Amino acid sequence: MSRHRVGRAGQIDALGSRIAVVGGGEEIALFKLTDGEVLAVENRCPHKGGKLSEGMVCGSAVHCPLHDWKIDLRTGQAQAPDEGSVRTYAADVDAEGSVWIETGERPDAAAAAAVPPACAGLEERS
Ligand code: FES
């Protein structure tokens, strides 16, 4: 497990995103929720590789900008009926406002699973 400082929380707008590239070429999208929580996921949609960092955030999910798959930012899972997932990364903000992420093997990704509130009006798509 490696810990990386990838910027400052103040550099990410609420419901916005920022890309962090860490060692090994991992491109990671950082998102800040309305409560200030920062979440980090692989910046590649499991459908056809859309840049999730360019998607719209709703609750704790992001809508891929290419075909609107909805990806849970906590679990990395695509919302049914779509299938697939992206890698999630542990992220935290320290007392000075720096954002840190952990890369490498994860002890228990399932523990991070939490069902986000539904995004009313954003569920349907063809
Ligand atoms: S590439 Fe993301 S929904 Fe198609």
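**Basis of the entries**

I am working from a predicted model, in which local features need pLDDT of at least 70 and side-chain atom pairs count only at pLDDT 80 or more, while totals for chains, interfaces and linings use all residues. Residues are numbered from 1 along each chain as its sequence is written, and side-chain values use heavy atoms, with hydrogens and water left out.

**Strands and pairing**

I took helices (H or I, at least four residues) and strands (E, at least two) as DSSP runs numbered from the N terminus, and I counted two strands as paired if DSSP finds at least two bridges between them.

I first followed an open sheet of three strands, which has the order β1-β10-β9 with antiparallel pairing. Its edge strands are β1 and β9, each of which pairs on one side only. Neighbouring strands of this sheet are turned by 25 degrees against each other on average, direction ignored; the axes are lines fitted to C-alpha atoms, for helices over the stretch in contact, and angles run from 0 to 180 degrees between N-to-C directions.

Strand β10 (residues 98-103) pairs with β1 in the antiparallel sense over six bridges, and here His4 stands opposite Ile101 in β10. On the other pairing, β9 and β10 run antiparallel and are joined by three bridges, with Asp92 opposite Trp100 in β10. I also noted that β9 and β10 form a hairpin with four residues between them, and that Gly97 in the turn has a positive phi of about 90 degrees.

I next turned to β3, which is mostly covered, five of its seven residues being buried. Strand β2 (residues 17-22) pairs with β3 in the antiparallel sense over six bridges, and the bridge partner of Val22 in β3 is Glu26. The hairpin of β2 and β3 has three residues between the strands, and Gly24 there takes a positive phi near 85 degrees. With β4, strand β3 pairs in the antiparallel sense over five bridges, Phe31 standing opposite Leu39 in β4. In the hairpin of β3 and β4 I found five residues between the strands, with Gly36 at a positive phi near 95 degrees.

**Salt bridges**

I counted a salt bridge where a side-chain nitrogen of Lys or Arg lies within 4 Å of a carboxyl oxygen of Asp or Glu, and by this rule the count comes to four.

One of these joins the side chains of Asp92 and Arg3, at 2.9 Å from N to O. This pair links distant parts of the chain, with Asp92 in strand β9 (residues 91-93) and Arg3 in strand β1 (residues 2-8), 89 residues apart. Asp92 counts as partly exposed at 30% relative accessibility, as does Arg3 at 42%.

Another is formed by Glu26 and Arg87, whose closest N and O atoms are 3.5 Å apart. Here Glu26 lies in strand β3 (residues 26-32) and Arg87 in the loop between β7 (70-72) and β8 (88-89), so that I again read a link between distant parts of the chain, 61 residues apart. Glu26 is partly exposed at 22% relative accessibility, and Arg87 is partly exposed at 23%.

I also recorded a salt bridge between Glu27 and Lys51, with the closest N and O atoms 2.8 Å apart. Glu27 lies in strand β3 and Lys51 in the loop between β4 (38-42) and β5 (56-58), so the pair ties together parts that are 24 residues apart in sequence. Glu27 is partly exposed, with a relative accessible area of 27%, and Lys51 is partly exposed as well, with 34%.

**Nonpolar cores**

I defined a nonpolar core as a set of buried Ala, Val, Leu, Ile, Met, Phe, Trp, Tyr and Cys residues joined through side-chain atoms within 4.5 Å. The largest has 15 residues, of which Phe31, Val41, Leu52, Val62, Ile71 and Leu73 touch the most other members. The elements that give two or more residues to this core are β3 and β4. Apart from it lies another core, of twelve residues, among them Val6, Ala9, Ile28 and Val38.

I finally listed the contacts of Ile71 (heavy atoms within 4.5 Å). Leaving aside neighbours within four places in sequence, Ile71 is in contact with Pro46, Leu52, Ser60, Ala61, Val62, Gly76, Gln77, Ala78 and Val86.

How values were computed:
Buried < 20%, exposed > 50% of the residue type's maximum accessible area, 1.4 Å probe, protein only.
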